[in-house]
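Biologist: I have a model open and want to learn how to read it. Can you take me through it feature by feature?

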Amino acid sequence: MKLSLTVLAAALSGAGAFTALNNGPRTTTTTTTELSMHQRQRQPIMAGNWKMNPATEADALNLANGFCALLNQLEDTCAVDVKEGCTEVVLFPPFPFISKVKDIVSKDGISVGAQQVYYENKGAFTGSVAASMVKSVGCEYVLCGHSERRSLFSDSDANINQKVRKVLEYGMRPILCVGETQDDYDLGITQEVCAMQVTKDLRGVSKEDMSNVVIAYEPVWAIGTGLVCDAKAANDVHKFIRTILAKMYDDEVAQSTRIQYGGSVTPESVDGLMAMSDIDGCLVGGASLFADKFARIVSFKSSVVAA
Ligand code: 13P
């Protein structure tokens with residue numbers, strides 16, 4: 001028998017299964033307002049970025065199986081565009097595990113994506129993976145511009161823009177990651193950084209293609225640190241990003257583009273984030289490596305948030 005979302009959430013949180021990674025809000029506490037699914041204009045999208053984890057294929061398949069077992073107890077998850085008003089779920093395993101993870105999760109309506117691609121079609125680019133390759137193994141999404149790619153692998157905005165366009169050319173959906181570093185945050189230039197990244201990385205992307213683009217606001221100082229951004233502060237950045245989209249495109253694109261928050265999202269912080277008007281989902285790193293934590297995050301809407 002299927003458990004209701006509420007029962008599952010209560011069971012998961014009551015089990016004490018979660019470690020508190022969150023050291024508290026980065027800025028001031030805020031009051032949140034619950035958004036019902038009817039009030040949501042944009043389909044929620046929850047994504048798990050496994051990064052360079054887990055260590056082996058066996059561990060990856062265990063994680064996928066464990067997550068699906070919990071998800072099967074949820075009543076209304078779905079695949080891309082299957083049903084209005086439901087939560088879309090995407091997993092980003094490392095390249096070698098994508099096919100087998102997809103075999104496990106696709107029957108439950110979960111999509112898989114690639115953590116990155118190169119922007120050339122083919123050729124002598126040792127170690128690189130082309131958009132056609134990940135498309136051919138069933139990827140529907142590709143992360144572009146993740147801060148770890150920007151800082152550790154020198155992904156420039158020009159390269160990220162080429163990747164975004166290549167992903168769209170191959171009929172997949174880029175999740176464009178943007179966000180300020182600790183230094184940027186301290187300098188008070190969060191908006192400037194996000195505006196520059198969004199503008200440069202979406203250069204030449206048509207209005208029509210924007211329906212396939214998801215943006216993830218990931219403040220770099222919040223990634224893997226346990227410092228989740230205050231929900232209201234994150235929401236303000238999301239709203240600001242919509243003003244950039246309105247300038248680049250129009251109000252329709254600004255209001256219809258889905259914008260995720262990423263950075264130390266946990267079962268404890270997800271409900272407050274998802275109660276915000278302009279946060280449409282989460283891009284989850286560390287917590288997505290635990291089936292129970294990610295299942296609880298995906299089931300965010302079961303929780304009642306204090307008004
Ligand atoms: P954490 O959830 O581990 O902070 O990672 C966030 C992230 O980088 C997702 O892409």
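Predicted model: local features only at pLDDT ≥ 70, side-chain atom pairs only at ≥ 80, totals over all residues.

Biologist: How many helices and strands does the chain have?

Modeller: Helices (H or I, at least four residues) and strands (E, at least two) are DSSP runs, numbered from the N terminus. Here the chain has 12 helices and 9 strands.

Biologist: What share of the residues is buried?

Modeller: Buried means under 20% relative accessible area, exposed over 50%, and partly exposed in between, with a 1.4 Å probe and protein chains only. Of the 307 residues, 54% count as buried.

Biologist: What share of the contacts joins residues at least 24 apart?

Modeller: A contact means heavy atoms within 4.5 Å. Take contacts between residues at least 6 apart in sequence: 76% of them join residues at least 24 apart.

Biologist: Now the ligand. How many residues surround the ligand?

Modeller: A residue is near a molecule if one of its heavy atoms lies within 4 Å of it. The ligand has 13 such residues, and the closest are Lys 51, His 146, Gly 224, Ser 264 and Gly 286. By class, the shell holds 4 nonpolar, 7 polar and 2 charged residues. Ala, Val, Leu, Ile, Met, Phe, Trp, Tyr, Cys and Pro count as nonpolar, Asp, Glu, Lys and Arg as charged, and the others, Gly among them, as polar.

Biologist: Which N or O atom of Lys 51 comes to 2.8 Å from a ligand oxygen, side chain or backbone?

Modeller: A polar contact is a pair of N or O atoms within 3.5 Å; within protein, one must be able to donate a hydrogen and the other to accept it, and residues adjacent in sequence count only if both atoms are side-chain atoms. For Lys 51, a side-chain N or O atom lies 2.8 Å from a ligand oxygen. Gly 224 brings a backbone N or O atom to 2.6 Å from a ligand oxygen. For Gly 286, a backbone N or O atom is 2.8 Å from one.

Biologist: And Arg 173: buried or exposed?

Modeller: Arg 173 counts as buried, because its relative accessibility is 14%. Arg 173 sits in strand S6, residues 173-178. Its side chain makes a polar contact with the side chain of Tyr 141, at 3.3 Å.

Technical notes: Residues numbered from 1 in each chain as written. Heavy atoms only, no water.
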